[in-house]
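The sequence and the structure come first.

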Amino acid sequence: NLSGAAQFPVQLSEPDQLVYSAHEYATSVAQQPWFDDPAFPANMPALWDHFFGYLHKQNIAPLLLGEFGSTLRDPRDQVWLTELMEYTGTGTGGINFTYWSWNPNSGDTGGILNDDWTTVNTTKQAILAPYLLAPVPAVPTGR
């Protein structure tokens with residue numbers, strides 16, 4: 001919950017070294033009243049704006065969606081993940097993110113990899129793929 005970060009910002013001697021990191025999880029991790037709201041999932045963008053998104057939208061501070069994930073066992077979780085990814089936006093102007101987790105043994109979220117540690121969970125990957133930036137080729141150093 002970063003809702004107070006604008007009013008009570010972290011003060012560093014070098015302010016350009018600060019990045020706020022939000023964590024967001026679906027019902028498979030933490031049941032919250034907003035998942036049972038009849039307005040779900042339309043209610044989520046306003047909640048995300050309140051808890052962390054305003055930092056990015058108002059250019060207050062850099063924001064990383066540092067953890068989010070789900071097993072997708074509850075049907076609402078797939079809706080939640082799809083809406084969250086749409087909320088992050090696309091391209092370099094979107095909210096940066098890291099998915100929790102790559103490995104499948106995260107008990108409450110599972111991973112991008114299936115339990116065989118080899119194959120990708122294609123449902124999760126299909127939701128994430130439109131929001132991933134293409135890798136940037138390494139620049140030779142001339143050594």
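## The sheet

H23 stands opposite E67, a residue of β2. The two strands β1 and β2 pair in the parallel sense over 6 bridges, where pairing requires that DSSP finds at least two bridges between two strands. The open sheet has 3 strands in the order β1-β2-β3, with parallel pairing. β1 and β3 (96-97) stand at the edges with a single partner strand each, so one side of each has no neighbour in the sheet.

Helix α3 lies across β1, β2 and β3 and runs at about 170 degrees to β2. For such angles, axes are lines fitted to C-alpha atoms, for helices over the stretch in contact, and the angle runs from 0 to 180 degrees between N-to-C directions.

## Basis of the model

This is a predicted model, in which local features need pLDDT of at least 70 and side-chain atom pairs count only at pLDDT 80 or more, while totals for chains, interfaces and linings use all residues. Residues are numbered from 1 along each chain as its sequence is written, and side-chain values use heavy atoms, with hydrogens and water left out.

## Overall layout

The protein has 4 helices and 3 strands, which follow the pattern β-α-α-β-α-β-α along the sequence. Helices (H or I, at least four residues) and strands (E, at least two) are DSSP runs numbered from the N terminus. Along the principal axes, the C-alpha atoms fill a box of roughly 50 × 45 × 25 Å.

Of the 143 residues, 36% are buried; buried means under 20% relative accessible area, exposed over 50%, and partly exposed in between, with a 1.4 Å probe and protein chains only. Among contacts with a separation of 6 or more, 62% are between residues 24 or more positions apart, a contact being heavy atoms within 4.5 Å.

## Helix α2

Helix α2 spans residues 44-57 and has 14 residues, yet its end C-alpha atoms are only 15 Å apart, short of the 20 Å that a straight helix would reach at 1.5 Å a residue. The expected span is 1.5 Å times one less than the number of residues. α2 bends by about 70 degrees at F51, the bend being the angle between axes fitted to the seven residues ending there and the seven starting there.

The buried residues of α2 are M44, L47, W48, F52, G53, Y54 and L55. Their cover includes β1 (20-25), α1 (33-36), β2 (63-69) and α3 (75-88).

## Salt bridges

A salt bridge is a side-chain nitrogen of Lys or Arg within 4 Å of a carboxyl oxygen of Asp or Glu. By this rule there are 3 salt bridges. In one of them R76 pairs with D36, the closest N and O atoms being 2.7 Å apart. R76 lies in helix α3 and D36 in helix α1, so this pair ties together parts that are 40 residues apart in sequence. R76 is partly exposed, with a relative accessible area of 23%, whereas D36 is exposed at 52%. The side chains of D74 and R76 also meet in a salt bridge, at 2.7 Å from N to O.

K57 forms a salt bridge with D49, with 2.8 Å between the closest N and O atoms. K57 is exposed, with a relative accessible area of 52%, and D49 is partly exposed at 25%.

Most residues other than glycine have a negative phi, and most peptide bonds are trans. N59, which follows α2, has a positive phi near 55 degrees. N59 is in the loop between α2 and β2 and is exposed at 70% relative accessibility. W117 has a positive phi near 60 degrees, lies in the loop between β3 and α4, and is partly exposed with a relative accessible area of 48%.

The peptide bond from F40 to P41 is cis, with omega near 5 degrees; P41 lies in the loop between α1 and α2. Another cis peptide bond joins W100 and S101, with omega about 0 degrees. S101 is in the loop between β3 and α4 (122-128).

E86 lies in helix α3 and is exposed, with a relative accessible area of 52%. The C-alpha atoms of E86 and Y131 are separated by 8.1 Å, although the two are 45 residues apart along the chain.
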